[in-house]
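Me: I'm new to reading protein models. Could you walk me through a few features, starting with what "buried" means?

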Amino acid sequence: MKIILFLLVTFTGFSQTLHHQMLSSQGTSTTVGGLKVSQTIGQQSVIGNYRGTDVTVGQGFQQSHLMKTVKAPIITVVTTTYPNPFIDQINFEFSSLVTGPIKFSLYDVMGRLVASEEKLAIDTLLTINELFLAEGQYFVKLTAKNYNYSTNLLKTK
């Protein structure tokens, strides 16, 4: 009689597939003259560069730009809103001058824009008239160059 021996061998293996893996290095240093040198080597995304009059911002492959550090002065403008609740008119009084046109945007509680206009402030006062709206809560946003403000308002009859 012949005996046939079967040897069953099970191999278990693990493998890994590398997909979109990347080695990256980045760094920033500031020189004595205030210039900032920033570089990224091996960055995966390419978004683009922006150049302004005083600053350069770079993203993308192997950036090496000289960038000037710009420190903008922080100016706080205290804004007083009255009357609140309002009927048909809102006043915004600023602690210092806000130059240029100010964009006024008024939103309802659902986030829908219900009123919008651009006006210049007279001295330190901005008045918005003829707001014939339904009673309820509203959100206001004021934007101008170097100025942003938002608050809640309540409309009554």
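This is a predicted model: local features need pLDDT of at least 70, side-chain atom pairs count only at pLDDT 80 or more; totals for chains, interfaces and linings use all residues.

Me: Which residue forms a salt bridge with Lys 155?

Reply: That's Asp 88, with the closest N and O atoms 3.7 Å apart. Lys 155 sits in strand β12 and Asp 88 in the loop between β6 and β7, so this pair links distant parts of the chain, 67 residues apart. Asp 88 is partly exposed, at 28% relative accessibility.

Me: How many salt bridges does the structure hold?

Reply: Three. Another one joins Asp 108 and Arg 112, with 2.8 Å between the closest N and O atoms. Asp 108 is buried at 11%, while Arg 112 is exposed at 51%.

Me: And how do I read a pair of aromatic rings?

Reply: You describe such a pair by the distance of the centres and the angle of the planes. Here a search of the whole structure turns up three aromatic pairs. One of them is Phe 92 with Phe 104: the pair is tilted, 6.2 Å centre to centre, with 50 degrees between the planes. Phe 92 lies in strand β7 and Phe 104 in strand β8, so the pair ties together parts twelve residues apart in sequence.

Me: Is Phe 92 buried or exposed?

Reply: Buried, with a relative accessible area of 0%. Phe 92 also pairs edge-to-face with Tyr 149, at 6.5 Å and 75 degrees. Together, Phe 92, Phe 104 and Tyr 149 form one aromatic cluster.

Key
Residues are numbered from 1 along each chain as its sequence is written. Side-chain values use heavy atoms; hydrogens and water are left out. Rings of Phe, Tyr and Trp (its six-membered ring) pair if their centres lie within 6.5 Å; planes under 30 degrees apart count as stacked, over 60 as edge-to-face and the rest as tilted. Helices (H or I, at least four residues) and strands (E, at least two) are DSSP runs, numbered from the N terminus. Buried means under 20% relative accessible area, exposed over 50%, partly exposed in between (1.4 Å probe, protein chains only). A salt bridge is a side-chain nitrogen of Lys or Arg within 4 Å of a carboxyl oxygen of Asp or Glu.
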